[in-house]
Amino acid sequence: MSKENMEEVFDDATEEANTEETVESTEETNDETVSADAGANDEAVEETEETANEETEDSEGNKKKLFGKKKDKKDEMLEELTDKHQRLMAEFQNFRNRTDKEKAMQFELGAKSVIEKLLPIMDNFERGLAALSEEDLNSPVGQGMSMIYKQCESALTDMGVEVIQTEGCEFDPELHNAVMHIDDEELGENVIAEEFQKGYTYRGTVVRHSMVKVAN
């Protein structure tokens with residue numbers, strides 16, 4: 001064999017040896033990579049399973065805390081009776097409030113009706129006293145009439161009845177009833193000149209309007 005042929009054979013053998021080493025190195029690297037990936041996957045799976053177990057335990061614990069122990073029939077009946085009792089008490093309180101308001105309204109209406117019936121009697125007393133002379137007023141009869149009139153007037157005041165002011169005041173349609181108009185330069189416009197019949201209010205509500213004469 002010539003020298004050139006021997007060199008070619010030697011070169012071919014060297015290339016084959018290098019190729020085999022490269023293949024073995026590549027296979028070893030692939031094996032290491034595969035084993036590392038498998039280990040990482042196993043660790044990830046274990047961590048995922050542990051996390052899932054922890055979440056399941058937490059959710060079960062939260063459910064137990066949220067829903068708690070199942071109530072007994074006695075507890076349910078007690079809660080139901082307590083709720084009914086509270087509702088009945090609230091309804092009873094509302095009934096009492098409505099009853100009190102109705103009673104107050106009925107009392108006001110009854111008192112107003114009685115006052116309206118007493119006012120003509122007061123008017124007659126005033127007319128009778130105005131018709132008496134000074135001598136008759138000083139007589140026992142006149143003094144007795146005056147005392148009865150003052151007593152009735154005081155009782156009405158204690159009940160909350162007040163006389164509506166008229167003469168010299170400005171006409172107010174909510175308080176006064178104008179039955180006559182006059183022209184008077186001395187009085188201002190829309191001023192009450194004379195009162196024909198007294199008006200009264202009961203706790204701020206008009207029982208009877210004053211009958212008056214108004215200046216234009």
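Predicted model: local features only at pLDDT ≥ 70, side-chain atom pairs only at ≥ 80, totals over all residues.
Modeller: Residues are numbered from 1 along each chain as its sequence is written, and side-chain values use heavy atoms, leaving out hydrogens and water.

Colleague: What makes up the secondary structure of the protein?

Modeller: There are four helices and six strands, in the order α-α-α-α-β-β-β-β-β-β along the sequence. Both kinds are DSSP runs numbered from the N terminus: helices are H or I with at least four residues, strands are E with at least two.

Colleague: Why is His176 called buried?

Modeller: Buried means under 20% relative accessible area, exposed means over 50%, and partly exposed is in between, using a 1.4 Å probe and protein chains only. His176 has 5% relative accessibility, so His176 counts as buried. This residue lies in strand 2 (residues 176-182), and its contacts beyond four places in sequence include Ile164, Phe171 and His209. Contact here means heavy atoms within 4.5 Å.

Colleague: And why is Ile121 called partly exposed?

Modeller: Its relative accessible area is 42%, and partly exposed covers values between the buried and exposed cut-offs. Ile121 lies in helix 2 (residues 73-131).

Colleague: How do you know that the side chains of Asp123 and Arg208 meet in a salt bridge?

Modeller: A salt bridge needs a side-chain nitrogen of Lys or Arg within 4 Å of a carboxyl oxygen of Asp or Glu. For Asp123 and Arg208 the N to O distance is 2.7 Å, so the pair meets the definition. This pair links distant parts of the chain, with Asp123 in helix 2 and Arg208 in strand 5 (residues 205-208), 85 residues apart. Asp123 is buried at 6%, and Arg208 is buried at 17%.

Colleague: How many disulfides does the structure hold?

Modeller: The structure holds zero disulfides. A disulfide would be a pair of cysteine sulfur atoms within 2.5 Å. As for Cys152 and Cys169, Cys152 is partly exposed at 28%, and Cys169 is partly exposed at 28%.
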